[in-house]
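Hello,

Here is the structure I promised to pass on to you. Have a look at it first, and then read on for what turned up.

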Amino acid sequence: MPDLASFQRDFASALMTDGQAAPSFRSQAFAVYRNTSARGVVEALRASFPTVDMLVGEDMFTQVALDFRRDQPPAGPVLSDYGADFAGYLARQPWTCELPYLADVARLDWLWLESFLAPDEPTMPRELASTPRIALHAATRFAWLPTPAMTIWQAHRDPWEMGQLDPDWIAEGALFTRAGGCVSAELIDAGFHSLLLACTAPAPVPEVVAAVAAAFPQSHFPQLLNRGVASGALVIL
Amino acid sequence: MLSAATVVTAWSAYQATRWSGDQAGNYTEASATRTESVRSSTLANRQILIENPSLYMKLEGHEWPESLFLGELVKRTGCGLLIDVNNVFVSASNLGFNSISYLDALPRGVIGEIHLAGHSEDPLMGRGLLIDSHDSPISGEVWKLYDWLLARCGADRPPTLIERDNDIPAFGVLMAERDKAAAMMAGQRVVVHA
């Protein structure tokens, strides 16, 4: 009998290999452990990437998730953390060239999840510093995507939109914010995206103004800032 | 062991493995000590319940039977137990031990919750390999064990949860199972059809 640690290592590796493992792990009984482990991972990914599941269908998603599990087994026991590179993995698969928006949609599913699970903002006295800085809210997530993935994502998340889905093939910005327990998703333009980008690290107002003006000279900064704060994406420190 | 689905992490944290909560443990002095130390370092001041898992194959290297191991954990850590009656039945059937002897070896007065669920037979092995699938009604044998366990608990009857995750039936069917469990908890004898 090996010691517990090496036994557990063998057990874990036998869960990941189909029938290649040591004889004691080749039984039908062991298959129950293997199936349960695989199913747990597949269903966790399905729960984290519901829009990808809708786009490719249940059977295809199961197969892709099993392939991903072989490629990148979970690194920890918390399955809501699993799948950080699922979008990147999808982008690297040759078959996704037929669905060029799929990896971006996966990225949006992940950003939604990150926003949903982000810690609350610390409650602090709203006393502004002498040189106020603008920062992202802890639950703010945003992205600029080369495909109309946000329009596609929103249409699938809101079934009332589905019938009207006919996106222009343009790049899109996406913003996720959270008020209370509820994540809001909105389509954003490049100007607003440049503001969020400028606030990735908390920055003094003049710096943010300069960054946005350099990227989008035509933009109306007070309006953008107002929108950022009103949506809950930005906080003034 | 599979998905010890412990209510908390005391048992699983030290095996914080890369296979999503499934577990290969053994019931030894070393395991008990490690579990004890994890518990005291991470969950101090909170009582936790540890659940018995479903077992599918005999693993070597145990020093204690599972029920005595659980009793040892209770003694050392002050944890309570969550007894999944279906898991007891599935493990007993798969590994060939007696369910009643198992339940009777548990310490008294420490069960904080009971779980009931349905199981299914492996497509290849049939009754030789039962799976804790949560996809069917609670079996007659499990109802009988539940009734026996309630009697052993005496007046101090822990709350019961029925687990059903797959092939969910009509709401009325679920409620009938709930009513049956509630009647048994209330001490009314129910005719059990196996």
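The largest nonpolar core holds 49 residues, and I83(B), V85(B) and Y146(B) have the most contacts inside it. Such a core is a set of buried Ala, Val, Leu, Ile, Met, Phe, Trp, Tyr and Cys residues joined through side-chain atoms within 4.5 Å, where buried means under 20% relative accessible area with a 1.4 Å probe, protein chains only. Helix α6 of chain B (residues 140-153) gives the most to this core, with 7 residues; helices are DSSP runs of H or I of at least four residues, strands are E runs of at least two, and both are numbered from the N terminus. Beyond its neighbours within four places in sequence, Y146(B) is in contact (heavy atoms within 4.5 Å) with residues including V85(B), I114(B), L116(B) and M185(B). A second, separate core has 35 residues, among them A87(A) and V105(A).

Please keep in mind that this is a predicted model: local features need pLDDT of at least 70, side-chain atom pairs count only at pLDDT 80 or more, and totals for chains, interfaces and linings use all residues. Residues are numbered from 1 along each chain as its sequence is written, chains are lettered from A and ligands numbered from 1 in the order written, and side-chain values use heavy atoms, leaving out hydrogens and water.

Now to chain A as a whole. Its secondary structure comes to 10 helices and 6 strands. The C-alpha trace spans about 70 × 45 × 30 Å along its principal axes. Of the 237 residues in chain A, 43% are buried.

Enjoy exploring!

Conventions:
Buried < 20%, exposed > 50% of the residue type's maximum accessible area, 1.4 Å probe, protein only.
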